Amino acid sequence: LINPNIATVQTSAGMADRVYFLPVTPEFVTKVIERERPDGIFCAFGGQTALNCACKLYEAGTFEKYNVKVLGTPISAIMKTEDRELFSQVVASCGYKIAESA
């Protein structure tokens, strides 16, 4: 578990074998992946910071390089919700309308 907020350590107890108090950035997350060699990773915990980091790791090929499976929400779905144009295309393909952006 990578948790940049030492004040929330009590919520991390029992969730992981190890807790890393590090910033959630591609550089630090890659170092943890290199060291721990996880089979899978949850990217949806940690808010916007974790989502942005996961997209960057995916684009850099980090998950593929270390054979890490993304668990939960697929990166492609995260990317579609983060890009306004892609999101509007997906919503339109479902037959719904969205409010125009400024």
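Residues are called buried under 20% relative accessible area, exposed over 50%, and partly exposed in between (1.4 Å probe, protein chains only). The structure is a predicted model, in which local features need pLDDT of at least 70, side-chain atom pairs count only at pLDDT 80 or more, and totals for chains, interfaces and linings use all residues. Residues are numbered from 1 along each chain as its sequence is written, and side-chain values use heavy atoms, with hydrogens and water left out.

The protein contains 5 helices and 2 strands. Helices (H or I, at least four residues) and strands (E, at least two) are DSSP runs, numbered from the N terminus. Their order from the N terminus is α-β-α-α-β-α-α. The C-alpha trace spans about 45 × 30 × 20 Å along its principal axes. Of the 102 residues, 23% are buried. Contact means heavy atoms within 4.5 Å. Among contacts between residues at least 6 apart in sequence, 43% join residues at least 24 apart.

A search of the whole structure returns 1 salt bridge, defined as a side-chain nitrogen of Lys or Arg within 4 Å of a carboxyl oxygen of Asp or Glu. The partners are R18 and E36, with an N to O distance of 2.9 Å. R18 lies in the segment before α1 (26-36) and E36 in helix α1, so the pair ties together parts that are 18 residues apart in sequence. R18 is partly exposed, at 43% relative accessibility. E36 is also partly exposed, at 29%.

Helix α1 also holds T30. This residue is buried, with a relative accessibility of 17%. A polar atom of the T30 side chain lies 2.6 Å from the backbone oxygen of P26. Neighbours within four places in sequence aside, T30 contacts L57, T62 and Y66.

The largest nonpolar core comprises 14 residues. Such a core is a set of buried Ala, Val, Leu, Ile, Met, Phe, Trp, Tyr and Cys residues joined through side-chain atoms within 4.5 Å. V29, I33, I41, C43, F63, V68 and I75 touch the most other members. Helices α1, α2 (47-60) and α4 (75-82) each give two or more residues to this core. The most come from α2, which gives 5 residues. With residues up to four places away in sequence not counted, I41 touches V29, I33, F63, V68, K69, V70 and L71.

I41 also belongs to the pocket lining. The largest pocket has a volume of about 930 Å³. On a 1 Å grid over the protein atoms alone, a pocket is an open set of points where a 1.4 Å probe fits, with protein on both sides within 12 Å along at least five of seven lines; lining residues have an atom within 4 Å of a point. Grid points are joined across faces, edges and corners, and the volume is the space filled by probe spheres set on the points. The lining has 30 residues, and L1, I2, G40, I41 and F42 are the closest to the pocket centre. At least two lining residues come from each of α1, β1 (40-42) and α2. Again α2 gives the most, with 5 residues.

Most residues other than glycine have a negative phi. R37, not a glycine, has a positive phi of about 50 degrees. R37 lies in the loop between α1 and β1. N67 also has a positive phi, near 55 degrees. The loop between α3 (62-65) and β2 (69-71) contains N67. N67 is exposed, with a relative accessible area of 65%.

Definitions and conventions: Polar contact = N/O pair within 3.5 Å; in protein donor to acceptor, adjacent residues only side chain to side chain.
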